[in-house]
Amino acid sequence: MKKISFRLNGESVECYIEENQFLIDILRDNFQLTGTKEGCGMGECGACTVIVDKLNINSCLYPAIEIEGKDVTTIEGVAKNGQLSEIQRAFLENGAVQCGFCTPGMVLSTKAFIDELSDNYKNISKDDIKKALSGNICRCTGYLQIIESVKNLIEKRNSAIQTGD
Ligand code: FES
Ligand code: FES
């Protein structure tokens with residue numbers, strides 16, 4: 001067993017891990033953060049997506065030992081004070097959630113994408129959004145509503161910037 005320390009949803013945490021464990025197991029088993037889903041377990045479906053140091057990664061393939069000193073955000077860290085985030089609200093308003101299994105990963109990939117844009121929303125196309133979410137598979141929605149959610153959110157933020165809101 002090895003002790004690791006890292007930041008998890010804004011808090012400093014530590015835990016003991018086996019050196020061959022993956023991040024998803026630590027999140028679900030040690031911290032009971034079961035919003036991180038295991039689908040394929042092979043890096044193909046994106047259900048296990050979390051953000052590590054601003055990048056969306058597949059936690060089913062991410063060695064837990066490499067998380068030492070890093071900053072991890074799971075879906076449980078996205079809503080604040082019981083209030084859904086803007087991204088989560090956009091998904092709900094646009095009917096982008098059906099069974100919900102892919103939703104945490106989709107929301108986190110969207111968050112990593114939007115945060116990386118740093119308020120530079122001009123000229124973001126549907127293709128850019130599709131590319132940003134290409135690692136996340138949804139079996140229910142056909143993607144249309146998910147892409148629309150992100151597009152609408154970007155348009156909303158862009159017009160708030162233009163009008164100085
Ligand atoms: S469970 Fe990790 S990519 Fe599918
Ligand atoms: S909403 Fe069911 S897999 Fe996406």
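Asparagine 9 sits in the loop that joins strand E1 (2-8) to strand E2 (11-17). Helices (H or I, at least four residues) and strands (E, at least two) are DSSP runs, numbered from the N terminus. The model is predicted: local features need pLDDT of at least 70, side-chain atom pairs count only at pLDDT 80 or more, and totals for chains, interfaces and linings use all residues. Residues are numbered from 1 along each chain as its sequence is written.

The phi of asparagine 9 is positive, near 50 degrees, in a residue other than glycine. Asparagine 9 is partly exposed, with 16 other C-beta atoms within 10 Å. A residue is buried if 20 or more other C-beta atoms lie within 10 Å of its own, exposed if 12 or fewer, and partly exposed in between, with C-beta atoms placed from the backbone. Lysine 54 also has a positive phi, near 80 degrees. Its loop runs between strand E3 (49-52) and strand E4 (55-58). Lysine 54 counts as exposed, because it has 11 C-beta neighbours inside 10 Å.

The chain is divided into domain 1 (2-77) and domain 2 (86-163), with bounds from an automatic or database domain assignment. The contact between them takes 15 residues from domain 1 and 13 residues from domain 2. Two residues are in contact if their C-beta atoms, placed from the backbone, lie within 7 Å. On the side of domain 1 that touches domain 2, E3 and E4 are the elements that give two or more residues. E3 gives the most, with three residues.

Helix H2 (residues 86-93) has Ile87, Gln88, Ala90 and Phe91 buried. These residues cover an arc of only 160 degrees around the axis, so they lie on the same side of H2. The arc is that of the directions from the helix axis to the C-beta atoms. The buried residues of H2 pack against helix H3 (103-117) and helix H5 (144-163). Glycine 95 follows H2, with a positive phi near 65 degrees.

The largest nonpolar core holds 38 residues. Such a core is a set of buried Ala, Val, Leu, Ile, Met, Phe, Trp, Tyr and Cys residues joined through C-beta atoms within 7 Å. Leu23, Leu27, Val50, Phe91, Met106, Val107 and Ile146 touch the most other members. Both domain 1 and domain 2 give residues to this core, so it lies between them. Leaving aside neighbours within four places in sequence, valine 107 is in contact with Ile75, Val78, Ile87, Gln88 and Phe91.

How values were computed
Chains lettered and ligands numbered in written order.
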